Amino acid sequence: MKVIMKNNFRRLLDQKQIIVLLVLFTAAASCAAVFVSTGMTQKWDVAVVSPASAELASKQVNIIPMEEAPPRSELVMGRYDAVLTKNADGSCSLETVKSEEITAKLKAALEGREDAPAMFSDRGTGTNVLGFLTMFLLMMGSTCMTFYADDKTGGQITRIAASPLGISNYLFAHCLFNFLFLFIPTTIILVVVKWVSGAAFGFGFLPLAGMLALICALSTVFSLFLYSMLPNKDDSAKMIGNTIIILTSILAGGFFAFDKGNQALGVIIQILPQKAFLNVADGVEQHMAWQGIVPSLSYLLLLIAVFYTVSVWKTKRTYIGH
């Protein structure tokens with residue numbers, strides 16, 4: 001296994017852009033999350049379709065007068081937090097894709113209440129940082145696992161399958177290298193960002209390291225699963241994986257709560273691993289009893305075990321035949 005990890009390290013040094021991407025993404029996401037949580041007072045962006053838009057005034061809301069309502073897609077993408085429309089009968093309607101809790105906060109801000117909270121005030125700074133990082137870490141996992149894909153393409157894995165090393169040890173070495181590559185720099189960067197910004201995370205170093213280990217492990221085994229199950233022709237596995245990661249991370253609420261009130265969509269969101277991870281992070285930061293955290297934590301550990309087991313089984317079946 002040491003040989004595999006040393007070889008991966010040499011290949012990593014030859015592709016320094018991967019290291020640069022990890023450092024830049026992690027630092028940018030961490031700083032953005034800290035700024036959103038503790039920086040300047042946040043304001044909601046509300047498109048107002050009404051001639052009386054100028055009469056609305058709030059310290060918490062940016063009023064954007066419009067002649068017609070913007071497409072719903074701009075709400076989904078976060079360009080606007082809501083669209084306020086004055087109807088012909090004098091009543092007003094508010095359209096948003098935010099959750100019920102966040103919508104209530106937005107309405108309070110529109111009413112001009114001084115105590116109206118900001119969008120992410122229901123989540124701590126630490127959970128926000130981890131939520132922002134989740135998508136980037138999952139995507140970086142698939143980037144680094146391309147070393148395994150290169151071995152498949154070059155035929156090296158066929159020789160490894162017949163060697164004393166074996167498929168299981170070979171895949172474990174790839175996973176361990178990938179995990180360490182994600183975990184160590186990310187932990188260092190987060191500690192530095194926390195120290196420089198003075199941001200108050202709701203948990204100490206050990207819980208933070210534990211949650212980073214959890215998401216890095218998920219990133220590693222998910223990328224292994226993709227490259228084991230899908231051919232690497234034209235980087236199809238990486239493109240499919242990144243598409244899945246981006247969509248599910250947005251739905252899970254890594255950047256903002258995404259909830260249209262649709263029951264079926266709500267069920268889908270609850271089974272996403274990113275949502276389970278955010279539940280664990282939020283539970284730890286809010287000092288929730290372990291009974292409330294264990295279900296989400298157990299679900300994540302089960303997914304990690306399933307992804308890894310299926311990947312090993314599929315690779316053995318492909319290159320050994322049983």
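This is a stop-by-stop tour of a predicted model.

**Stop 1: the sheet**

Select β1, β2, β3 and β4. These four strands form an open sheet in the order β2-β1-β3-β4, and the pairing is mixed. Look to the edges next. Residues 61-65 are strand β2 and residues 92-95 are strand β4; each of these edge strands pairs on one side only. From one strand to the next, the twist averages 25 degrees.

Now colour residues 44-49, which are strand β1. Five of the six residues here are buried, so the rest of the structure largely encloses β1. Follow its pairing with β2: the two strands run parallel and are joined by five bridges.

Turn to the partner strand β3. Here β1 and β3 also make a parallel pair, with four bridges. Show A47 and look across to V83 in β3, which stands opposite.

Move on to residues 82-86, strand β3, and its pairing with β4. This pair is antiparallel, over four bridges.

**Stop 2**

How many salt bridges does the structure hold? There are two. Start with E95 and R72. Their closest N and O atoms are 2.6 Å apart. E95 sits in strand β4 and R72 in helix α3 (residues 72-76), so select both elements; the pair links distant parts of the chain, 23 residues apart.

Are these two residues buried or partly exposed? E95 is partly exposed, at 32% relative accessibility. R72 is partly exposed too, with a relative accessible area of 37%.

Step back to P71. It lies in the loop between β2 and α3. Its relative accessible area is 46%, which makes P71 partly exposed. Draw a distance from P71 to V83: their C-alpha atoms are separated by 9.8 Å, and the two residues are 12 apart along the chain.

**Stop 3: the second salt bridge**

Select R11 and D151. Their side chains meet in a salt bridge, with 3.1 Å from N to O. R11 belongs to helix α1 (residues 2-14) and D151 to helix α6 (residues 146-154), so the contact ties together parts that are 140 residues apart in sequence. R11 is buried, and D151 is buried as well.

**Stop 4: a nonpolar patch**

Show the surface and select M1, F172, L176, L180, I184, I188, V192, W195 and V196. Together they form a nonpolar patch with about 880 Å² of accessible area. With a relative accessible area of 43%, V192 is partly exposed. A general point goes with this view: an α-helix has 3.6 residues a turn, so residues three or four places apart point the same way.

Continue past this helix to A200, in the loop between α8 and α9 (205-229). A200 is exposed, with a relative accessible area of 60%. The C-alpha atoms of A200 and G124 are 8.8 Å apart in space, while the residues are 76 apart in sequence.

**Stop 5: helix α12**

Select residues 273-285, helix α12. Its 13 residues should span 18 Å at 1.5 Å a residue, and the end C-alpha atoms are 18 Å apart, which agrees. How many of its residues are buried? The count is 10 of 13, and the helix is mostly covered. Among the buried residues are P273, F277, V280 and V284. Q274 and E285 are also buried.

Check the backbone just after α12. There H287 takes a positive phi of about 55 degrees.

**Stop 6: helix α13**

Finish with residues 290-319, helix α13. At 1.5 Å a residue, its 30 residues should span 44 Å; the end C-alpha atoms are 43 Å apart, in agreement. Now show the buried side chains. They include I293, L300, L303, I304, F307 and V312. S296, S311 and T315 are buried in α13 too.

Conventions: Residues numbered from 1 in each chain as written. Predicted model: local features only at pLDDT ≥ 70, side-chain atom pairs only at ≥ 80, totals over all residues. Heavy atoms only, no water. Pairing = 2+ DSSP bridges. Axes fitted to C-alpha atoms, helices over the stretch in contact; angles between N-to-C directions. Patch = residues over 30% accessible without salt bridge, like charges linked within 9 Å, V, L, I, M, F, W, Y side chains within 5 Å. Areas by Shrake-Rupley, 256 points an atom, 1.4 Å probe, with all protein chains shown as cover. Salt bridge = Lys/Arg side-chain N within 4 Å of Asp/Glu carboxyl O. Buried < 20%, exposed > 50% of the residue type's maximum accessible area, 1.4 Å probe, protein only. Expected span 1.5 Å × (residues − 1).
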